[in-house]
Structures are given as structure tokens and as C-alpha cells.
Amino acid sequence: MYPQGRHPVPLQPGQSFKFTVLETLDRIKEEFQFLQAQYHSLKLDCEKLASEKTEMQRHYIMYYEMSYGLNIEMHKQVRQTCWVNSLNSFACGILALQNG
């Protein structure tokens, strides 16, 4: 891949690859800078994704804790309802014996 805005120049018939050391070093330097820029961009993307992942995990834990608390509260309500129904049945049985 060539740095942005750089494309290989097609060779003319009879022309050979002759690069000076300075031209080669300049080309390597440009490609290195391009790769550094890509690396920096990818690093920022990774950091952003890691931050989003942490935030999603925090939300997951929060919702899990809320769900767990709600489940416990529902079980308490069911036990209380059963207890009240038992007392109600007992009281109705006593009233039936007194009236009967």
C-alpha cells in the first residue's frame, strides 16, 4: 500500500528501477509515517472500544443486581401472600365453627 497521494509511476519502455539512497529513505520515511498514523488511529479506536466495553459491563452488572433484587422481593411477596392466605383460611375456619 502506498501512502495517501502516492502512486507508483509506471516505467517507460527501456527504463529501469534506479533509486538513489535518499529517494529510498524518503519513501521508507513516508511509508513509516503513514503506518504510524494508521497505528495511532487504530489505537484510539481500541481505547474507545475498551471504554465502551467497560461501560457496557458496568450497565450489565447494574441491571443484574436490579433483577436479582427484584426477584428476591417477588419471592418475599409470594411468601407473605401465602402466609396471609393461610391466616385468612384459618380465620374463616374458626368463624365457620363458631357460627355452625
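Glutamate 31 counts as partly exposed, because its relative accessibility is 23% (buried means under 20% relative accessible area, exposed over 50%, and partly exposed in between, with a 1.4 Å probe and protein chains only). The model is a predicted one, in which local features need pLDDT of at least 70 and side-chain atom pairs count only at pLDDT 80 or more, whereas totals for chains, interfaces and linings use all residues. Residues are numbered from 1 along each chain as its sequence is written, and side-chain values use heavy atoms, with hydrogens and water left out.

The protein contains 1 helix and 0 strands (DSSP runs numbered from the N terminus, with H or I of at least four residues for helices and E of at least two for strands). Helix α1 covers residues 21-99. Of the 100 residues in the protein, 2% are buried. The accessible surface of the protein amounts to about 9,700 Å², and carbon and sulfur atoms account for 63% of that area (computed by the Shrake-Rupley method with a 1.4 Å probe; for residues, only the protein chains shown count as cover).

Side chains of opposite charge can pair when their charged atoms come close. Across the whole structure, 2 salt bridges are found (a side-chain nitrogen of Lys or Arg within 4 Å of a carboxyl oxygen of Asp or Glu). In one of them, glutamate 31 meets arginine 27, with an N to O distance of 3.3 Å. Glutamate 31 and arginine 27 are 4 residues apart in helix α1, so about one helical turn separates them. Arginine 27 has a relative accessibility of 37% and therefore counts as partly exposed.

A salt bridge also joins the side chains of glutamate 55 and arginine 58, here at 2.7 Å from N to O. Both residues belong to helix α1, where they stand 3 residues apart, about one turn of the helix. Glutamate 55 is partly exposed because its relative accessibility is 35%, and arginine 58 is partly exposed with a relative accessible area of 46%. The side chains of arginine 58 and glutamate 55 are also joined by a polar contact of 2.7 Å (a pair of N or O atoms within 3.5 Å; within protein, one must be able to donate a hydrogen and the other to accept it, and residues adjacent in sequence count only if both atoms are side-chain atoms).

Aromatic side chains come next. The structure holds 1 aromatic pair. The pair is formed by tyrosine 60 and tyrosine 64, whose ring centres lie 6.4 Å apart and whose planes meet at 25 degrees, so it is stacked (rings of Phe, Tyr and Trp, the last by its six-membered ring, pair if their centres lie within 6.5 Å; planes under 30 degrees apart count as stacked, over 60 as edge-to-face and the rest as tilted). Because tyrosine 60 and tyrosine 64 are 4 residues apart in helix α1, about one helical turn lies between them. Tyrosine 60 counts as exposed, because its relative accessibility is 57%.

Isoleucine 61 lies in helix α1 and is partly exposed, because its relative accessibility is 46%.

The cysteines complete the account. The count of disulfides is 0 (a pair of cysteine sulfur atoms within 2.5 Å). Cysteine 82 has a relative accessible area of 45% and is therefore partly exposed. Cysteine 92 likewise counts as partly exposed, at 43% relative accessibility.
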